[in-house]
Amino acid sequence: MTTDVMIEAKSLGKRFGYLKALDKVSFQVRRGEVVGFLGPNGAGKSTTMRILTCFIAPTSGSATVHGIDVFEDPLAVREKIGYLPQRAPLYTDMTVWDYLEFTSRIRGIDAASFTNRLKQVVEVCGLAQVLGKDIGTLSHGYRQRVGLGQALIHDPPILILDEPTADLDPNEKAELLKYIKRIGKDRTILLSTHNLHEVEEACARAIIVSKGRVVADGVLDDIRAGQGQVRYTITIDEQQALRGSAPKAAQVLAALKALKEARGVRELPTDERAHRFEVLSSDRVDLRAELFKLAFEQGWLLLELRRDAQSLDMVFRNLTKGDEAKDRGRKPEEEPVDDRESDPGDDESGDDAAAGDDEPDDDDDDDDDESDDDESDDDDDEDSESDDDDDEKERG
Ligand SMILES: Nc1ncnc2c1ncn2[C@@H]1O[C@H](COP(=O)(O)OP(=O)(O)OP(=O)(O)O)[C@@H](O)[C@H]1O
Ligand SMILES: [Mg+2]
């Protein structure tokens, strides 16, 4: 079956005992896309990836990779994917060369092709200097590169990378992202990470999961726009002014609040002898000119004016704040996130857009789902009881 949809998750559900790790997760990844799979700890990223890579079975729903159903033909699926698990299982007493040779033989690659593939993998993953070393003696960064090497050795069209850049130093991260971008031109990549800057750097699209559900899915700009909010910080000298006397914080606050487009204003702490404020506005307007004019008209000495370039951080926190809040025994509204004003134009960009998915996990509501996939359930239960990392190692 040829199709442009390289990865498809259809209403995936996964339970570990009474814990609902995934709840109707659906998305598609098309040929050539590099998609960032984002979510806080425990959101279900690794669980989703392990289903897609045939390591565990879902409790409900189904998935196809390269048009092949992960249950019907898991071997065919594995041929099409390179998978780097979150904790890459490596044989620490093997040298890097031996390990890559071993994984290529498992993949059915002949000796001549191996030499060729090894050359590429070594270059791409920067392994030239450690090829003869035991994996056990390598730093974590190098081990990750070896893990990436095994994922690439058979030149798969699809890569599933579970936090590949975790614990890499900034240079290695940048190198790896550069490569990921390059291979993303003719491969399909699903890449999980906590680092939003990496997603901005390497991915055109992001899927954000929270508590086992997809809460946003789309082009990064659209996800940002869906949130509709931009943050500015403005810093005014508290000792000097352009004209007249230096302003008091209350004066600045009142003037900022009076701006028509300002949705929320609050004072921020600063070590400088200055007043610093945060101003929130709709992303449909650019307040920078207004803020500059205001400062000039008021005779304030403007020290800094910044439009927040990291608004994806805010988007992420806004979409996933319920997780953290729950852990800390707070209601989501109590979280100190920049959403004190609700968004009027708050049409979600995500498919599921389950922003209001805070209802407690209700055991009943999933039971009907489970009936879909009885055979996979058995598998699943076994897996949930065993240590999955060991499991991966055995099969990996
Ligand atoms: N084998 C397992 N047995 C029981 N619970 C599990 C198992 N694997 C995962 N979970 C639970 O399922 C939920 C989702 O876990 P998952 O590892 O998919 O999250 P994640 O998004 O990858 O998080 P992280 O960013 O920390 O890697 C978590 O609550 C986790 O504790
Ligand atoms: Mg994970």
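## A walk through the model

Start by selecting histidine 66, which sits in the loop between β4 (60-65) and β5 (68-69). Helices (H or I, at least four residues) and strands (E, at least two) are DSSP runs, numbered from the N terminus. Now look at the backbone: histidine 66 has a positive phi of about 55°, although it is not a glycine. Most residues other than glycine have a negative phi.

Before moving on, some ground rules: this is a predicted model, where local features need pLDDT of at least 70 and side-chain atom pairs count only at pLDDT 80 or more, while totals for chains, interfaces and linings use all residues. Residues are numbered from 1 along each chain as its sequence is written, chains are lettered from A and ligands numbered from 1 in the order in which they are written, and side-chain values use heavy atoms, with hydrogens and water left out.

Next, select glutamate 163, in the loop between β7 (158-162) and α6 (170-183). Here too phi is positive in a residue other than glycine, near 50°. Glutamate 163 counts as buried because its relative accessibility is 10%; buried means under 20% relative accessible area, exposed over 50%, and partly exposed in between (1.4 Å probe, protein chains only).

Now click on the magnesium ion (ligand 2). Ser46 (OG) and Gln86 (OE1) coordinate it at 2.0 to 2.1 Å. These two come from distant parts of the chain, 40 residues apart: serine 46 is in helix α1 (residues 45-52), and glutamine 86 is in the loop between β6 (81-84) and α3 (96-106). Donors are N, O and S atoms within 2.8 Å of the metal (3.2 Å for Na, K and Ca), and water is not among the atoms, so sites may look incomplete. Serine 46 is buried at 19% relative accessibility, but glutamine 86 is partly exposed at 29%.

Hop over to glycine 149 in helix α5 (residues 140-152). It's buried, with a relative accessible area of 0%. Leaving aside neighbours within four places in sequence, glycine 149 is in contact (heavy atoms within 4.5 Å) with Leu100, Val121 and Cys125.

Last stop: strand β13 (residues 274-282). Why is this strand largely enclosed by the rest of the structure? Because 9 of its 9 residues are buried. Strands pair if DSSP finds at least two bridges between them. Strand β11 (residues 229-241) runs antiparallel to β13, joined by 9 bridges; find glutamine 229 opposite serine 282. Strand β12 (residues 262-268) is also antiparallel to β13, with 6 bridges, and glycine 264 partners leucine 280. β12 and β13 form a hairpin with 5 residues between them.
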